There are 2 protein chains.
Amino acid sequence: MQVVITGGAGFLGQRLAHKLLQNADVQSLTLADIVAPSGPADNRVTLIQTDLTDPQAAKNLITPQTTVVYHLAAVVSGQAEANFDLGMAVNCAGTQYLLEAVRHKAAGAMFVLASSLAVFGGELPAVISQKTAVAPQSSYGTQKAVSELWVNDYSRKGFVDGRVLRLPTVCVRPGKPNAAASSFASSIIREPIKGEMAVCPVEPSLRLWLSSPNAVVDNLAHVNRLSADRFGATRTVNLPGITVSVADMIAALERVVGSKAVEKIRYEPDDAIAKIVESWPSEFAVDRALELGFIGDRTFDDIIKAFVQEQACIK
Amino acid sequence: MQVVITGGAGFLGQRLAHKLLQNADVQSLTLADIVAPSGPADNRVTLIQTDLTDPQAAKNLITPQTTVVYHLAAVVSGQAEANFDLGMAVNCAGTQYLLEAVRHKAAGAMFVLASSLAVFGGELPAVISQKTAVAPQSSYGTQKAVSELWVNDYSRKGFVDGRVLRLPTVCVRPGKPNAAASSFASSIIREPIKGEMAVCPVEPSLRLWLSSPNAVVDNLAHVNRLSADRFGATRTVNLPGITVSVADMIAALERVVGSKAVEKIRYEPDDAIAKIVESWPSEFAVDRALELGFIGDRTFDDIIKAFVQEQACIK
């Protein structure tokens, strides 16, 4: 396998790289990002700083030897809403340039798109299924839905062997808050654990559809073990997650870490954020994903425990 | 109203122009197309030959006075399947350039996109509703579904006041066969009426979702009388149509025109065409469209009668 990961400097890209490098079948792994990626000390790894909105960039990134592309690079939800043109350039045009590069330089290579629950919105059924129509209420969701359609059509035409994974909100993300509208979901757990203040911009009753970083990375690694014929008329899969309210999350934080942590959370309503995250669904039927071997988390308590353990390891 | 119609040389564009010019509120009407459009002898009409795949073209077409854009220009289904790059350039990039031109030169103007039942495909429910997920099985359907998403997002952002009409297969189209996979649906009626041979490339049991040209043009004219608040979380509407099998259509031809006409139809299976049209749905629940005042046809016999009458008028 010769792997390319876009968004390779991001935390999912970095973890996916570590995971894939455990596999002896991986002969080369290229991490590409708009910011200079760091990378595991492994002679199979190449680091490339590149801007995918430049039509030439993808052509340079993909070689005839490329067998798997993980397209994780994206302008996140809050930023795509604030800067429409940048979102369109990176999330739509950037994806199309990359698809074209694979089509013309490595035809039939696997193309894994990280999509999102943000493709859903509007009047939603209580439980989302594979048959639920997308109706994004954000530019990010729109741009992901567009990319999904392209990956499916390029796959149907045999230009790429596409797979689209709709990720739940990933929580607990390590590191700093980012411009994703869902950034608070990690902040309200991560910052209190570090003894820092965190801002919750939404109502405690808001329900979210979450996945731990570990589950998402395992699922990203799993997808390249599936043969194309396991997918039917669509390459798009809603990944497993768990449904929790913000209040549930905070109760879990109290159970796992203690009441001192919970006192670090300050409520500060933010309409722009609330409008986006409230449009997202919080409950999915994921039979298809489970049938394909994708995995989910058990409880939010477990997710917090894993995060605490991981932080302890890093220190 | 200052109207721009792309695909203005096409038969729907031409008929829509005639219809709109009956309205004294129309101060100007521009017909734009890749082939030089002809146009009604009316001093409000401007004819422009332009290529919408050129990013500059849309900027020249739209003025700050433009209030309504009908975007009918498209590479049709059979052609988009045969020439993927042309389909992407016209149906995706072309639409986006036009949206950008409206956003920057006539912000908030109405933008009517002619979309298609071809956005649906794969494993479909027996009856399509507004809630049915799109899963196009053609590049044309993919490109229309992408354009729908953009028009919805540009509308949500207030860049345009978008409306997306998913047209049934339009039948009976006058004129010559074209590169649409559905072209046969009109050919098997139109050619026999003219005493010419026609080829039917699909099984007689194939069911289609059809609309007469008159109903489609009336619906296109109707959409600009609807205020934006009549649309909810989506600007996309499945237009009314009727469900008929190819056998039903031929039986209607025999009833209306006679058995001599039916003898002019030759069966010649064409897998490429069958694969595309068989992926399309043939039955829709159109409550929402009817509620918004869109209209459908009564019977296929009526559609043939209207076509025969019209042909008589032209002669």
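In which handedness of crossing does α6(B) pass α8(B)? In this predicted model, in which local features need pLDDT of at least 70, side-chain atom pairs count only at pLDDT 80 or more, and totals for chains, interfaces and linings use all residues, α6(B) passes α8(B) in a right-handed crossing. Residues are numbered from 1 along each chain as its sequence is written, and chains are lettered from A and ligands numbered from 1 in the order in which they are written.

**View 1. Packing of helix α6 on helix α8 in chain B.** Two packed helices are described by the angle between their axes and the distance between the axes. Helix α6 (residues 183–193) of chain B packs on α8(B) at an angle of about 20°, and the two axes are 10 Å apart; the axes are lines fitted to C-alpha atoms, for helices over the stretch in contact, with angles running from 0 to 180 degrees between N-to-C directions. That makes α6(B) roughly parallel to α8(B), given that angles under 35 degrees count as roughly parallel, over 145 as roughly antiparallel, 65 to 115 as roughly perpendicular and the rest as oblique. Helices (H or I, at least four residues) and strands (E, at least two) are DSSP runs, numbered from the N terminus. The right-handed label given above for α6(B) and α8(B) follows the convention that a crossing is left-handed if the near helix is turned anticlockwise from the far one by less than a right angle, and right-handed if clockwise. On the α6(B) side, Ile188(B), Ile189(B), Pro192(B) and Ile193(B) meet Met249(B), Ile250(B), Leu253(B) and Val257(B) of α8(B), where two residues are in contact if their C-beta atoms, placed from the backbone, lie within 7 Å. By class, this contact of α6(B) with α8(B) has eight nonpolar, no polar and no charged residues; Ala, Val, Leu, Ile, Met, Phe, Trp, Tyr, Cys and Pro count as nonpolar, Asp, Glu, Lys and Arg as charged, and the others, Gly among them, as polar.

**View 2. Crossing of helices α8 and α12 in chain B.** The axes of α8 (residues 246–257) and α12 (residues 300–314) of chain B come within 9 Å and cross at roughly 50°, which makes α8(B) oblique to α12(B). The crossing in which α8(B) passes α12(B) is right-handed. From α8(B), Asp248(B), Met249(B), Ala252(B), Leu253(B), Arg255(B), Val256(B) and Val257(B) meet Phe300(B), Asp301(B), Ile304(B), Lys305(B) and Val308(B) of α12(B). Sorted by class, the contact of α8(B) with α12(B) has eight nonpolar, no polar and four charged residues.

**View 3. The contact between domain 1 and domain 2 of chain A.** Chain A is divided into domain 1 (2–167 + 213–238) and domain 2 (183–209 + 242–283 + 297–314), with bounds that come from an automatic or database domain assignment. The centres of the two domains of chain A, taken over C-alpha atoms, are separated by 26 Å. In this contact, 14 residues of domain 1 touch eight residues of domain 2 in chain A, and the elements that give two or more residues to the domain 1 side are α3 (77–82) and α7 (213–223) of chain A. By class, the domain 1 side has eight nonpolar, five polar and one charged residues.

**View 4. The interface of chain A with chain B and its axis.** Chain A can be laid on chain B with an RMSD of 0.0 Å by a turn of 180° and a shift of 0.0 Å along the axis, with copies superposed by least squares on the C-alpha atoms of residues with pLDDT of at least 70 in both. That is the relation of a two-fold axis. In chain A, the C-alpha nearest the axis belongs to Ala133(A), 1.8 Å from it. The same surface serves both copies, since 100% of the contact residues of chain A recur in chain B. At this interface, 23 residues of chain A are in contact with 23 residues of chain B, and helix α5 (residues 139–156) of chain A gives the most to the chain A side, with eight residues. By class, the side of chain A that touches chain B has 10 nonpolar, eight polar and five charged residues.
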